[in-house]
Amino acid sequence: MKIIACGSVPTIIAPEKYFTGRVLQTPIIEKEAPARLRATLVSFEPGARTHWHTHPLGQTLYVTSGAGLAQAWGGPIQEIRAGDVISFEPGEKHWHGAGPKTTMSHVAMQEALDGVHADWMEAVTPEQYGG
């Protein structure tokens, strides 16, 4: 058994090359091979969001607080709220983030394939974000 003490893993400001707006990331767990799981608490300020991206083995989000938006490529923007679980298929291009006037936090869970958890792409434009 291993306990990771509260406060022993620092929260970071998410890198601008993958996110628009202010986003905080608090790592929960990243298992070493042969396990592949990574889970992170991600907190978005109003208007903040990921860039378009995919995950080789898919991704599951559990919204812990607030309200936000998520979209799969070619599909409509969907509202997401605390308590919702969102599942993206392997390779499904998507983004997620806070609403224009609301904060949103979620736990992001994904597995690595050959050490890769995500493939990052272009930023979501203001027009795409606005619907």
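Predicted model: local features only at pLDDT ≥ 70, side-chain atom pairs only at ≥ 80, totals over all residues.
Let's start with the empty space. Rolling a probe the size of a water molecule over the atoms shows where such space is left. Here, the largest pocket has a volume of about 470 Å³. Its lining is made up of 28 residues, and those nearest the centre are Gln25, Arg38, Thr40, Gln110 and Trp120. Which strand gives the most to that lining? That would be β3, with six residues. You can find β3 at 23–30, and β4 (37–44) and β11 (104–111) likewise each supply at least two residues.

Now the annotation. An unreviewed UniProt entry lists residues 41–97 as "domain: Cupin type-2". In the model, that span is 60% strand and 0% helix, and its end C-alpha atoms lie 13 Å apart.

In soluble globular proteins, nonpolar side chains tend to be buried together. The largest nonpolar core here has 15 residues, and the members touching the most others are Val23, Phe44, Ile80, Ile86 and Met104. Two or more residues each come from β4, β7 (59–72), β9 (85–88) and β11, with β7 giving the largest share, three residues.

Let's zoom in on Met104. Beyond its neighbours within four places in sequence, Met104 is in contact with residues including Val42, Phe44, Val63, Ile80 and Ala98. Finally, there is a second, separate core of five residues, among them Trp52, Leu69, Trp95 and Val124.

Technical notes. Residues numbered from 1 in each chain as written. Heavy atoms only, no water. 1 Å grid on protein atoms, 1.4 Å probe; cavity = no way out; pocket = protein on both sides within 12 Å on 5 of 7 lines; lining within 4 Å. Points joined across faces, edges and corners; volume = space filled by probe spheres on them. Helix = DSSP H or I, 4+ residues; strand = E, 2+ residues; numbered from the N terminus. UniProt positions renumbered as here; feature names shortened; annotations may be inferred. Core = buried A, V, L, I, M, F, W, Y, C linked by side-chain atoms within 4.5 Å. Buried < 20%, exposed > 50% of the residue type's maximum accessible area, 1.4 Å probe, protein only. Contact = heavy atoms within 4.5 Å.
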